[in-house]
Amino acid sequence: MRSAHNVMKYFREICTIPHPSFQMEAISDYCVDFAKKRGLEVTKDEACNVVIRVPGTSSRRFEPPVILQAHLDMVPAVAAGVTFDFSKDSLRLVEEDDWISAEGTTLGADDGIGVALCLALIETDDIPHPPLIIVFTANEEVGMLGAKALDMSTLKAPRMINLDHCDEGSVVIGCAGGATAELTLPIERKEISGKLIQIEITGMKGGHSGEKIHLGGANALRMPARIIREMVYSGHTGFGMAEYSGGTAENAIPKNSHCVLAVPEENAADVQAAAEAAADILRARWRKKEPDMKIEITSCDGSANALTFESTRAFARLIRDMPNGLMKMSEEMPDLPQTSLNLGKGWLTETEGKLVYLLRSSVDAEKERLKTEVANITKDYGGTAEFSADYPGWPIKLDTPLQTLAGMVWKWETDETMEITATHGGLECGLFAAAYPDMDIISVGPQMFDIHTSDERLSLSSVELVWNFLIQMMEQM
Ligand SMILES: [Zn+2]
């Protein structure tokens with residue numbers, strides 16, 4: 001007979017406390033109060049990370065501790081047309097059949113349910129468990145800022161269960177590290193008057209670069225450069241890039257791009273025909289993988305303070321010659337990308353061409369190698385590369401004791417085989433694995449769909465399953 005638990009009670013309480021990223025005071029205080037009321041040792045640091053230490057139950061007091069980890073913040077997404085103030089409003093919970101969601105907004109089950117599972121476990125008094133180090137990190141969704149600021153030196157434990165996974169029945173055992181590269185190419189401009197040729201590229205599949213990069217879709221920001229290079233190859237000169245933009249974030253494969261070329265009147269017709277011919281090559285190249293792709297080329301009279309032809313050519317060559325997309329698949333896991341980079345944003349300033357890439361690899365040495373390559377190629381074209389938001393990967397280790405136990409417990413609970421997975425995205429586990437390379441870490445969580453969107457929903461029966469899994473793990477480990 002399993003004891004009753006309060007997972008959903010605490011989850012609902014969390015939903016009444018505004019906790020979007022960068023607003024971590026109230027939610028972290030709530031967790032600190034929770035621990036203090038129960039006489040537990042608790043610390044909160046400047047980044048609003050909360051660490052609660054729970055002694056092991058009677059006979060298990062002297063076992064090595066296990067870390068249970070979840071993040072405190074949620075992504076504040078609101079549906080179109082909905083008014084909601086994430087800085088003060090409570091989420092409006094809706095339950096329908098097995099699903100709980102929030103009306104018009106994200107639910108924050110990512111990762112409020114991870115926090116609630118930990119709080120419910122702390123509260124139990126009839127589940128045997130080793131000493132627990134509960135780690136609630138702040139601002140995970142905005143670059144893992146909390147985990148990066150966390151003092152790892154006091155978190156020594158041989159095992160860790162991260163509760164930030166959103167797929168019941170699978171366990172994550174590895175992730176990619178990442179780094180943002182911002183490339184700057186100095187440019188020169190001059191007035192070009194005659195025709196303005198506008199190239200609008202739309203309808204690409206896009207997607208999250210941690211999930212879709214290996215599917216081989218097109219990158220909309222690279223296409224104008226491809227068109228320009230075809231034009232240069234066919235002997236056209238004298239035109240200049242007047243506008244170039246596209247992409248929303250470095251971790252999103254851009255779906256659309258916009259480019260305007262300024263061309264002197266006398267070769268305008270030729271240049272436009274060459275652009276059309278180049279667009280035809282692209283249409284043929286992508287007709288299978290990007291069936292909805294549209295390249296629209298239009299022109300009008302006008303003039304612009306455009307890049308010189310030399311600057312235009314150099315910028316287009318940099319974009320084209322920089323590697324992009326999948327670099328290598330994993331050898332441990334056949335469907336998993338190991339190393340990739342994604343051109344996510346590009347634009348022009350008065351004096352510079354700008355490109356932002358996200359580099360990812362589950363092997364840190366490969367990421368470093370890629371950084372060197374990106375920096376050197378940029379330098380070859382007269383530009384500079386700056387790297388930031390660097391975080392380590394969580395290297396895949398197969399068949400660890402914690403994985404084996406998780407698989408056994410899951411099989412016992414559900415009669416199904418737990419799937420072993422890894423992600424090309426980033427997880428906080430990477431920072432723990434970097435601090436403690438021998439720590440045995442898994443990531444699990446109940447079933448959610450459409451996280452980070454206003455359609456986010458959480459399965460109530462799955463919470464029940466994961467709760468039972470978690471307490472079995474505590475008993476058996
Ligand atoms: Zn999360």
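1. In which sense do β4 and strand β5 pair, and over how many bridges? The pairing of β4 with β5 (residues 99-102) is antiparallel and runs over 4 bridges. Within this pair, Leu93 is placed opposite Ala102 of β5. The model discussed here is a predicted one.

2. The two strands belong to an open sheet of 4 strands. Its order is β4-β5-β23-β22, and the pairing is antiparallel. The edge positions are taken by β4 (93-96) and β22 (448-449); each has a single partner strand, so one side of each has no neighbour in the sheet.

3. Which helix lies across β4, β5 and β23? This is α12, residues 460-476. Its direction makes an angle of about 55 degrees with β23 (457-459).

4. A separate point concerns His165. This residue sits in the loop that links β7 (159-162) to β8 (170-175). Is His165 buried or exposed? The relative accessibility of His165 is 12%, and the residue therefore counts as buried, the cut-off for buried being under 20%.

5. The side chain of His165 makes a polar contact of 2.8 Å with the side chain of Ser170. Once neighbours within four places in sequence are set aside, the contacts of His165 are Ser170, Val172, Ser443, Val444, Gly445, Pro446 and Met448. Of the residues named, Ser170 and Val172 fall within the range of β8 (170-175), while Met448 falls within that of β22 (448-449).

6. On the division of the chain: domain 1 is made of two segments, 7-175 and 394-476, and domain 2 covers 179-391. The centres of domain 1 and domain 2, taken over C-alpha atoms, are 38 Å apart. Contact between the domains involves 14 residues of domain 1 and 16 residues of domain 2.

7. For the chain as a whole, the secondary structure comprises 12 helices and 23 strands. The C-alpha trace extends over about 90 × 45 × 45 Å along its principal axes. Of the 477 residues in the chain, 54% are buried.

8. Two further totals describe the chain. Taking contacts between residues at least 6 apart in sequence, 80% are between residues at least 24 apart. The accessible surface amounts to about 20,000 Å², and carbon and sulfur atoms account for 50% of this surface.

How values were computed: Residues are numbered from 1 along each chain as its sequence is written. This is a predicted model: local features need pLDDT of at least 70, side-chain atom pairs count only at pLDDT 80 or more; totals for chains, interfaces and linings use all residues. Side-chain values use heavy atoms; hydrogens and water are left out. Buried means under 20% relative accessible area, exposed over 50%, partly exposed in between (1.4 Å probe, protein chains only). A polar contact is a pair of N or O atoms within 3.5 Å; within protein, one must be able to donate a hydrogen and the other to accept it, and residues adjacent in sequence count only if both atoms are side-chain atoms. Contact means heavy atoms within 4.5 Å. Two strands pair if DSSP finds at least two bridges between them. Axes are lines fitted to C-alpha atoms, for helices over the stretch in contact, and angles run from 0 to 180 degrees between N-to-C directions. Accessible areas come from the Shrake-Rupley method with a 1.4 Å probe; for residues, only the protein chains shown count as cover. Domain bounds come from an automatic or database domain assignment.
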